[in-house]
Amino acid sequence: MSEDSDAEKTEPASSKRLEQAREEGDVPRSRELATFTVLMTAGAGLWMTGDGVVRSLNAIMVSGLALDREQIFNADVLIRRVGFDIVSVMMACLPLAIAIMVVALASPLLVGGWLFSSKSFLPNFGKLNPIKGLGNMVSVNALVELLKAVGKTVVVGSVAYLVVMSQKDAVMGLAVESVSAGSAHLINLLMWAFLFIVGGLGFVAAIDGPYQIWHYADKLKMTRQEVIQESKESDGNPEMKAKVRQMQRQMSQRRMMAAVPTADVVVTNPTHYAVALKYADGQGGAPMVVAKGADEVAAKIRELAKENKVALLEAPALARALHQHTEIGDEIPEALYSAVAEVLAYVFQLRAFNKAGGKYPDRPTRLPVPPEMDPHNPASQKKPASNNGATP
């Protein structure tokens, strides 16, 4: 059951998939809505400007049929006259043509919006696949298109029949009217019939527009597996990202361990924490933390310190404070200067003893660690600290 649900396209299309579809020239389109807007604009334009256009065309026709002797016997003059009349006809029809062109260009904004895609011009030989073509002929979309065609025929035919039957007497009366009156009456009847028929197409367009939007969204739906795969491609594979983070932690830990042999002293808890300190004498800075860790990491730091003869000092409160309030590469906090100074003094005395002998230095036991710096002290304010991959 889970495999079937994963294979079903139940998830809405992602923004990435919608963008890819637009790049390929695939957007929702309603031909019925575009046809309705253009025809309605043409009908309304003729209704408002028809009288002026007819008068202009009538004047041009009368003028064109009135030829003088020069025009009859001089072809050049006649051609210029014909050219002038053609321009006059075009100028008379220009406002209506501009209105229709503007509406035709703006109609895509109603569904899908404007789209300019170079991929639409590239040859797609997959469209020549006869098997795929036969599949499209018996698809649900083909059935819907058939129903739309039948619906348009029924609507247009019904509206035309009702208009004609309602004006039956007026149509029959055209035979007894004068030519001028009958022509004007006929044009008026045709205009009303045209507007009613286009209005019927508007009913079809009002259904087709929302359907095309729904059909487009349904066509681009994704399966759950596709959503997961796209998320992995967009945001990165979680398993790969976790592996990269693990490798980064390992590299950081290796760099930290490589710095342990250069430390002056490792302060321990003695088992839970270990912090390696280095003091660069003559550079004017405070001692710096070069490595720190807890539990297994702390054990590794102590082991490297012993192998490289780095001094180890058990100072639980100081080790906890350093681990809590410092990061690798940081100088020690000012509140721990006194305690760390005693530790370094002991380390330098121990080095001198190892070289020249003499009195063995006293190990510091009561280091001045402020209570608020020790995370195990109730007076401290606990703050999160990085363990560098180890759990304290």
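User: What makes up residues 89–116, and how far apart are the end C-alpha atoms?

Analyst: The span is 64% helix and 0% strand, with its end C-alpha atoms 34 Å apart. Helices here are DSSP runs of H or I with at least four residues, strands are E runs of at least two, and both are numbered from the N terminus. This is a predicted model, where local features need pLDDT of at least 70, side-chain atom pairs count only at pLDDT 80 or more, and totals for chains, interfaces and linings use all residues. Residues are numbered from 1 along each chain as its sequence is written, and side-chain values use heavy atoms, leaving out hydrogens and water.

User: Which residues does the "transmembrane region" annotation cover?

Analyst: According to the unreviewed UniProt entry, residues 89–116, 146–165 and 186–207. Such annotations may be inferred rather than shown by experiment; positions follow the numbering used here and feature names are shortened. Over residues 146–165, the chain is 100% helix and 0% strand, with 28 Å between the end C-alpha atoms.

User: The structure holds three aromatic pairs. Why is the pair of Tyr-211 and Trp-214 called tilted?

Analyst: Rings of Phe, Tyr and Trp (its six-membered ring) pair if their centres lie within 6.5 Å; planes under 30 degrees apart are stacked, over 60 edge-to-face, and the rest tilted. The centres of Tyr-211 and Trp-214 are 6.0 Å apart and the planes meet at 35°, so this pair is tilted. Both residues sit in helix 9 (residues 179–219), three residues apart, which is about one turn of the helix.

User: Is Trp-214 buried or exposed, and how do you know?

Analyst: Buried means under 20% relative accessible area, exposed over 50%, and partly exposed in between (1.4 Å probe, protein chains only). Trp-214 has 52%, so it counts as exposed.

User: What makes Ala-299 partly exposed?

Analyst: Its relative accessible area is 32%, so Ala-299 falls in the partly exposed class. Ala-299 belongs to helix 12 (residues 296–307).
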